[in-house]
Amino acid sequence: MEKGLSSLPFILKRRALPALVTFAAVIGGAIAYLIITPRLYEISTRLILDQKRVSVSELGRDLTQLSPGTSGNSNPLADQAELIKSQRVLQKALAKVAAESGFSSLENQLTVGQLSRNLKVKIVPATNILEVSYLNKDPTLATKVVNAISQAMVEDNTQVIRQEAANVRKFLEKKVPDARKRVEEAEQKENKYRQSSGIVSFDEQTKSLVNSLATVEEQENTLVAQLQELRSKEGSLRQVTDAKALNQAYAAVRGGQDEELKALRTKLAEIETKLVQARLSLTDSHPIVMNLLGQRNGLRALYFQGLARVSPRSKSISSSSVAGDKISQDLTSELIVNDVERLAIEKKFRSVQANRNNLQARLAQLPIKQQQLTPLTRKREEAVESLKLLQSKLEEARIAEAQLVGNIQIIEAAQPPKEPSLPNKKAVLAIAIVFGTALATGIILLLELMDHTLKDASEAEDLLKLPLLAVLPSLPDHAIALEPSGRFLDHVGLVEPYRTLLKNLEFRSPEPLRSIVVSSTITGEGKSVVASHLAVISAMLSRRTLLIDADLRRPVLHTLFNLAPQPGITDVIDSQRSLEETVQRTHIANLFVLTCGDLYGRPSHLLESEAMRSVIIEATRLYDFVIIDTPPLSACADGQTLGRQSGGILLVTRPNFTIKEVLQKAVSELTHNQIPIIGVVVNGITQQTERYYRYPVNGYTPSRHLSEGSSA
């Protein structure tokens, strides 16, 4: 992951040009779109479906009330939004705009269909607000149209509600007389039954009967208590007075209180006293006794006559029953009074019982009578309520019809905009930037996926699993040719990487390295430049260095040192000249170059010969370090042949040029053929090197050996 992120700047750098071109093309297209697209002005207004009750009548409030949308029912806001785009409202709006602007032909120029297509109605979320917007090239006309639509919608809504109120009024005017007639019939039936049943008010009558019954029961309980008290007192008095009946008691009291009887009782008492005294001393036949007995009997007869006189119904009572003393008279009188009170209370108790039974009977009959009265009362009340409701609704309908009441209000009128809404420059440019960035990124990714070349040194090392000996810089034009050599040797930044390469070659070899083959996979990776400059560094370090140009197909080393191509290695192989005679000395101390020589059509035959092997052996004997420049490995097998005869092959790669599959295949073949690979060099050479090779060097033109895509 870290490696991928770290390589991102290099990827962007490599693909900067196509990415920038793509991004610029998208931005340019967006700008062209903004230039050629006509300017459209979007005008908007806002309407609110007001749920506040603004009507003075209940019916008006009901008609203007926004019914809440429920599951399975339509949304009233959505209904109003569609109504705004209806032909009825739009035609009214167009007529209004034409009348205000004085354009009689506006309806022909701007049709309902065109108006509907450019008209948008949006419900503001979580509100009862509708936003009406319209697009047109003319902002003034668009403003008039939007305002006319909102006004037409308000008028239409008011007219609809008013029409509904008128319909309700007409309906109620027919229903009110019928309701009044039903009330009269129900009242007549109820009154007739009340007269026949005697029920005025069930609740009041029930309450009155219950209260009366409670009072009677209370009286009954009081009388029962009084009777118990009187009866108890009566029993006690009868025991004391020994009165058997009320008449006897009355007669006893009268007899005791009568003055005549009192005198007779006194005389009788005196006669009795005298008679007793006479009998004590005299016999019953004695005249005195007989006289006394005669007086006594006469008095008794008078006394009994008097008792009969004071007794009820003239019935005489015994003399023993007469209350002659004061106490007996008082007790007997009290008994009489008690009996009289008892009789009166008993009579009153019977009357109270009868009254209670009557009340209970009436109370029991009252629900039965009321049960028949209830439906009559209910019908009458229902008829009255219905009549009241219809009358109130009729009045409300009349008021609502007379009012200009609606549930839609304009809360924000349309105003002419100063800037066009479409095309939206910021949005278009923002989208273009996003799309351009995405497309440029896609181009970069596509190019990366299609690009099979080596990207950098770390990728070469990871891909080949070979030691990375050096990363060489991209040489400027003046430092590629080594005549004069000071342009290269005087630049420390260019010399040190090659010096590092030479030291790495020495350190990685267990024995002194005498010869190497410098090659690459394909033409153009800079192997000849690497070989020549490495030879210069070796010679600079006081080593006798021989640089052999074994690339008999496209030789270029003689151009880098401004040397003649003949005589060269082909002359030595043909035994026409010796190695020492053929080698050319350069202006750099300790550096010798064996050029290509005269070329002909069988270079592989020469390099595969025993003579070539002898040349390499002799060169390693005469010189400290031998560097052999060979053709690319993918072009022919010359590099493999010479690599086996030397200390190994130094592979030169070039970022963004070397094909990874070809490089892997070349390394695999070398490894399979047991040809030693010393290591890999990443060369930063640019295409400027190839352009340099196309020009003559000191009068020598290598056009016969170089072409587009030089193997340097």
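**Exercise 1. Helix 2**

Which residues on the other side of helix 2 are exposed? Find them, then state which residues are buried, how they are arranged and what covers them.

*Solution.* The model is predicted: local features need pLDDT of at least 70, side-chain atom pairs count only at pLDDT 80 or more, and totals for chains, interfaces and linings use all residues. Residues are numbered from 1 along each chain as its sequence is written, and side-chain values use heavy atoms, with hydrogens and water left out.

Step 1. Helices (H or I, at least four residues) and strands (E, at least two) are DSSP runs, numbered from the N terminus. Helix 2 covers residues 16-36, which is 21 residues. The expected span of a helix is 1.5 Å times one less than its number of residues. For helix 2 this should give 30 Å, and the end C-alpha atoms are 30 Å apart, in agreement.

Step 2. Buried means under 20% relative accessible area, exposed over 50%, and partly exposed in between (1.4 Å probe, protein chains only). By these cut-offs Leu17, Leu20, Ala25, Ile35 and Ile36 are exposed on the other side of helix 2. The buried residues in helix 2 are Ala19, Thr22, Val26, Ile27, Ala30 and Leu34.

Step 3. Seen down the axis of helix 2, the buried residues fall within an arc of 125 degrees, so they line one face of the helix. The arc is that of the directions from the helix axis to the C-beta atoms. An α-helix has 3.6 residues a turn, so residues three or four places apart point the same way.

Step 4. The cover over the buried residues of helix 2 includes helix 14 (425-450), where contact means heavy atoms within 4.5 Å.

**Exercise 2. The open sheet**

In what order do the eight strands of the open sheet stand?

*Solution.* Step 1. The order is 5-12-11-6-10-7-9-8, with mixed pairing. Two strands pair if DSSP finds at least two bridges between them. Strand 5 (468-472) and strand 8 stand at the edges with a single partner strand each, so one side of each has no neighbour in the sheet.

Step 1. Strand 7 runs parallel to strand 9, joined by four bridges, and threonine 545 has leucine 591 of strand 9 as its bridge partner. Strand 7 also pairs in the parallel sense with strand 10 (residues 625-629), over five bridges; here leucine 546 stands opposite valine 626.

Step 2. In a regular strand the side chains alternate between the two faces of the sheet. Both faces of strand 7 are covered: Thr545, Leu547 and Asp549 are buried on one side, Leu546 and Ile548 on the other.

Step 3. Strand 11 (residues 649-653) and strand 12 (residues 677-683) pair in the parallel sense over five bridges, with valine 652 opposite valine 681. Helix 26 (residues 660-672) lies across both strands and runs at about 175 degrees to strand 11. Axes are lines fitted to C-alpha atoms, for helices over the stretch in contact, and angles run from 0 to 180 degrees between N-to-C directions.

**Exercise 3. Threonine 586**

Is threonine 586 buried or exposed? Locate the residue and list its surroundings.

*Solution.* Step 1. Threonine 586 sits in the loop between strand 8 (584-585) and strand 9 (591-594).

Step 1. Its relative accessible area is 10%, so threonine 586 is buried.

Step 2. Leaving aside neighbours within four places in sequence, threonine 586 is in contact with Phe561, Leu563, Leu591 and Val593. The side chain of threonine 586 reaches the backbone oxygen of leucine 591 at 2.9 Å. A polar contact is a pair of N or O atoms within 3.5 Å; within protein, one must be able to donate a hydrogen and the other to accept it, and residues adjacent in sequence count only if both atoms are side-chain atoms.

**Exercise 4. Backbone exceptions**

Which peptide bond is cis, with omega near -10 degrees?

*Solution.* Step 1. Most residues other than glycine have a negative phi, and most peptide bonds are trans.

Step 1. The cis bond runs from glutamine 566 to proline 567. Proline 567 lies in the loop between helix 20 (557-560) and helix 21 (569-573).

Step 2. Alanine 126 has a phi near 65 degrees. Alanine 126 belongs to the loop between strand 2 (119-123) and strand 3 (129-136) and is exposed at 87% relative accessibility.

Step 3. Serine 542 has a phi of about 65 degrees. Serine 542 is in the loop between helix 19 (527-540) and strand 7 (545-549), and is exposed with a relative accessible area of 59%.
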